[in-house]
Amino acid sequence: MASRFTRLTTAVPQMARGYAAQASVKPPLTLFSLDGRYASALYTAAARQNALDAVERDLKQVQAIVAKDVAVQNFLANPTVSRQQKSEGIKALLNKSGKPHALTQNLFESLAENSRLDQTTKVLESYSELMSAHRNELPLVITSAKELEKSVVSKISDALQKSKLADGKKLLVSNKIKPDILGGILVEIGDKSIDLTVSSKLAKLNKLVTDAV
């Protein structure tokens, strides 16, 4: 019997000839990881049903619940949970997020059946990555030792938005707090990074001193 993961990619009704192009839709990014394959299958099925945004809303609600509820985190990470408990737990989780789309339910049933619930957070992040690419967005993460003033974040993002690093895409800006960088900032835009942190400079200085001895 085909798994729900397989059915996730094939459960979409046959499109009429006029929708042939839509039926052959492909994810905007190729993700090779296990969680990426689940997210890509979900994206493809959702695109065919014009449900990309609906599924994204579901997953964001689930993500918010998981982030706040330690009991849910432990449930998803526990490999000893029985199939019956998994089924009941997934129903409870989805009920907390409202009335999810059928494809969202299929995703979690697939993860449960294949003992992949521990991949939930990664799958949600991968789907978010696909949706950002779909909207021609590019993540910009500014890491600092303490929260930056909004005006500072705006100046950095505005400058980068006009640069070649943005590649004409809309930047999704976030300020990540990481005290152990000591000071300065780490700028990550897409797969590129600019390290201007104090901790990085100290590490380079220590290496120079060590190499000179």
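Predicted model: local features only at pLDDT ≥ 70, side-chain atom pairs only at ≥ 80, totals over all residues.
Residues are numbered from 1 along each chain as its sequence is written, and side-chain values use heavy atoms, with hydrogens and water left out.

A pocket here is an open set of points on a 1 Å grid over the protein atoms alone, where a 1.4 Å probe fits, with protein on both sides within 12 Å along at least five of seven lines; its volume is the space filled by probe spheres set on the points. Lining residues, those with an atom within 4 Å of a point, number 17 in the largest pocket, and Glu137, Leu138, Pro139, Lys169 and Gly190 are the closest to its centre.

Because domain 1 (34-133) and domain 2 (136-212) both give residues to this lining, the largest pocket lies between them. The domain bounds come from an automatic or database domain assignment. Helix α8 (120-134) and strand β1 (137-144) each supply at least two lining residues, and α8 provides the largest share, 4 residues. By class, the lining has 6 nonpolar, 4 polar and 7 charged residues.

Of its 14 lining residues, Lys86, Ser87, Ile90, Lys91 and Glu109 are the closest to its centre. Here α6 (83-96) and α7 (102-113) each supply at least two residues, with α6 giving the most, 7 residues.

Terms used:
Nonpolar A, V, L, I, M, F, W, Y, C, P; charged D, E, K, R; others polar.
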